[in-house]
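These notebook entries record what I looked up in one structure.

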Amino acid sequence: MDDTLKLTDSYWEMLKSLSDEVKLRLATRLTASVVAAKAINADTTEEMLKKHMGVWKDDRTTEQIIEDMYVGRQNTKAPLNFD
């Protein structure tokens with residue numbers, strides 16, 4: 001049994017005796033917290049995209065940029081020494 005399942009089972013043992021009303025309120029709050037966290041992530045991603053969209057300025061063509069990337073690569077065949 002994995003740790004998440006064990007944790008879930010231990011919480012269930014503590015909470016199963018609660019009334020249905022309290023269980024529903026807890027379920028509502030847990031669900032709302034997950035939805036809110038996902039909304040915050042989506043908003044942050046959108047803000048980052050809007051902030052950085054179109055910022056890169058370059059007069060080179062795509063082909064020139066790719067060629068520069070290939071030229072800039074360094075390949076060492078000598079073994080790395082970690083001493």
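Is Asp58 buried, partly exposed or exposed? I found Asp58 partly exposed, because its relative accessible area is 30%; buried means under 20%, exposed over 50%, and partly exposed in between, with a 1.4 Å probe and protein chains only.

Basis of the entries. I noted that this is a predicted model, in which local features need pLDDT of at least 70 and side-chain atom pairs count only at pLDDT 80 or more, while totals for chains, interfaces and linings use all residues. Residues are numbered from 1 along each chain as its sequence is written, and side-chain values use heavy atoms, with hydrogens and water left out.

Entry on salt bridges. I counted 4 salt bridges in the structure, each defined as a side-chain nitrogen of Lys or Arg within 4 Å of a carboxyl oxygen of Asp or Glu. Side chains of opposite charge can pair when their charged atoms come close. I looked up Asp58 again and found its side chain in a salt bridge with Arg60, at 2.5 Å from N to O. Arg60 is partly exposed, with a relative accessible area of 33%. A network of salt bridges links Asp58, Arg60 and Asp68.

I then turned to Glu21 and Arg25, whose side chains meet in a salt bridge at 2.8 Å, N to O. The two residues are 4 apart in helix H2, so about one helical turn separates them; helices here are DSSP runs (H or I, at least four residues) and strands likewise (E, at least two), numbered from the N terminus. Glu21 is partly exposed at 48% relative accessible area, whereas Arg25 is exposed at 55%. I also recorded a salt bridge between the side chains of Lys16 and Glu13 (3.1 Å, N to O). Lys16 counts as partly exposed, at 38% relative accessibility.

Entry on the surface. I listed a nonpolar patch formed by Leu7, Tyr11, Trp12, Met14, Leu15, Val22 and Leu26, with about 660 Å² of accessible area together. Helix H1 (3–15) and helix H2 (20–52) are the elements that give two or more residues to this patch, and H1 gives the most, with 5 residues. Patch members have over 30% relative accessible area and no salt bridge; nonpolar side chains (Val, Leu, Ile, Met, Phe, Trp, Tyr) are joined within 5 Å, like charges within 9 Å. Areas come from the Shrake-Rupley method with a 1.4 Å probe. Tyr11 lies in helix H1 and is partly exposed, with a relative accessible area of 45%.

Entry on the largest pocket. Which residues line the largest pocket? I found Tyr11, Trp12, Leu15, Lys23, Leu26, Ala27 and Leu30 in the lining. H1 and H2 are the elements that give two or more residues to the lining, and H2 gives the most, with 4 residues.

Note on methods
On a 1 Å grid over the protein atoms alone, a cavity is a set of points where a 1.4 Å probe fits but cannot get out, and a pocket is an open set with protein on both sides within 12 Å along at least five of seven lines; lining residues have an atom within 4 Å of a point.
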